[in-house]
Amino acid sequence: MDASNMWVCRGRVLTLTQPVVMGILNVTPDSFSDGGQHFGLDRALEHGRQLFEDGAVILDIGGESTRPGFTPIDVDEEMSRVIPVVKAMREAFPDRFISVDTMKSSVAEAAIEAGADIINDVSGLADPRMLDVARTTGAGLVLMQGYSVHVGYPRAVQPGKLGSWVVTELKQLVEETVRRGVPEQNLVVDPGFGFGKRHAENAEVLRAVPELAAACRQPILIGGSRKHFLSGMYPEEGGDAVSASVRFAMDAYRLGGKIFRVHDVVETCTALAIPLE
């Protein structure tokens, strides 16, 4: 099987010959779109079950918001939010794929011990120990262009060159990660939509997805769901965040995206013609 059509996560193979939806479960009080809605174990479990029933193949559980201007939380607080949910979802869905959305290696390690299969690290391995956790556990690892989270990207990047810059940065990150012992089949790349980029800049990065697919053998994860830049990219949707998110996913799929991290699972599955079980 072509490397871009598979993802190995703790020894299990996730086949990507058709688009795969990753449902977002934010167990935070302050995420930009759904902060507080699923905060607390009972509400989190109810929503997680619904996301799987709606067609999500992966559940991405996060306990720390990365919205613009987010305030970091300490390890203990993040663990208290995330680990009980991971444990409970693993017990309820032993065969499904569970991801932990974290920038902290200790949270990732605890989540894997609790049953998670995947580490979704939007910081681009800012925590130097994260790579060791991925290597020793065999977890699937999402590599994002991590400048986006903490300092944006260098404004010295020339107009029209941002897409190529993201491709170069991610290619180098993948090469370094593989060199340090993480198998390439365990990796997925995320070009990092949003995170301070203007809508025209996100459109430029979107247009670079085919270049990214050619430069890296890894599948591409697309994460733009309900983000503010979509209203500028799709003004004809009249500010409807769900419709704009679905349009974005469809455009990204046509350009080579494989995995779609979304809030609105049913709408995305329908638009991408993903058969529901």
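Ser245 sits in helix 10; helices here are DSSP runs of H or I with at least four residues, strands are DSSP runs of E with at least two, and both are numbered from the N terminus.

First, the ground rules. This is a predicted model, in which local features need pLDDT of at least 70, side-chain atom pairs count only at pLDDT 80 or more, and totals for chains, interfaces and linings use all residues. Residues are numbered from 1 along each chain as its sequence is written, and side-chain values use heavy atoms, with hydrogens and water left out.

On confidence: pLDDT is the predictor's confidence in each residue, from 0 to 100. The protein chain averages 90, and 90% of the residues score at least 70. Over residues 30–38 the pLDDT is below 50, though this stretch still has 29 contacts in the model beyond near neighbours in sequence. Contact means heavy atoms within 4.5 Å.

Is Ser245 buried or exposed? Ser245 counts as buried because its relative accessibility is 9%; the cut-offs are under 20% relative accessible area for buried, over 50% for exposed, and partly exposed in between, with a 1.4 Å probe and protein chains only. Setting aside residues up to four places away in sequence, Ser245 touches Gly224, Ser225, Arg226 and Leu230.

Now Glu267, which belongs to helix 11, residues 265–271. Glu267 counts as partly exposed because its relative accessibility is 38%. Apart from neighbours within four places in sequence, Glu267 is in contact with Val242 and Val246.

Rolling a probe the size of a water molecule over the atoms shows where empty space is left. A cavity, on a 1 Å grid over the protein atoms alone, is a set of points where a 1.4 Å probe fits but cannot get out, and lining residues have an atom within 4 Å of a point. Grid points are joined across faces, edges and corners, and a volume is the space filled by probe spheres set on the points.

How many cavities of 30 Å³ or more does a search of the whole structure find? The search finds three. The largest cavity holds about 60 Å³ of space. Its lining is made of Ile222, Gly224, Ser225, Ser245, Phe248, Ala249, Phe260, Arg261 and Val262. Helix 10 (241–255) and strand 10 (259–262) are the elements that give two or more residues to that lining. By class, the lining has five nonpolar, three polar and one charged residues. For that count, Ala, Val, Leu, Ile, Met, Phe, Trp, Tyr, Cys and Pro are nonpolar, Asp, Glu, Lys and Arg are charged, and the others, Gly among them, are polar.

Eight strands form an open sheet in the order 8-7-6-5-4-3-10-9, with parallel pairing. Its edge strands are strand 8 (187–190) and strand 9 (221–222), each pairing on one side only. Two strands pair if DSSP finds at least two bridges between them.

Take strand 5, residues 97–101. Five of its five residues are buried, so strand 5 is largely enclosed by the rest of the structure. Phe97, Ser99 and Asp101 point one way, Ile98 and Val100 the other. Strand 5 pairs in the parallel sense with strand 4 (residues 58–62) over five bridges, and Leu59 has Ile98 as its bridge partner. Strand 5 also pairs with strand 6 in the parallel sense, over three bridges; there, Asp101 has Asn120 as its bridge partner.

Strand 6 (residues 118–121) also pairs with strand 7, in the parallel sense over four bridges. Asn120 stands opposite Val142, and Asp121 opposite Leu143. Strand 7 (residues 140–144) has five of five residues buried, so it is largely enclosed by the rest of the structure. One side carries Gly140, Val142 and Met144, the other Leu141 and Leu143.

Most residues other than glycine have a negative phi. Leu125, not a glycine, has a positive phi of about 65°. Leu125 lies in the loop between strand 6 and helix 4 (130–137) and is buried, with a relative accessible area of 15%. Arg226 has a positive phi too, near 60°. Arg226 is in the loop between strand 9 and helix 9 (229–233), and counts as partly exposed at 23% relative accessibility.

Key. On a 1 Å grid over the protein atoms alone, a cavity is a set of points where a 1.4 Å probe fits but cannot get out, and a pocket is an open set with protein on both sides within 12 Å along at least five of seven lines; lining residues have an atom within 4 Å of a point.
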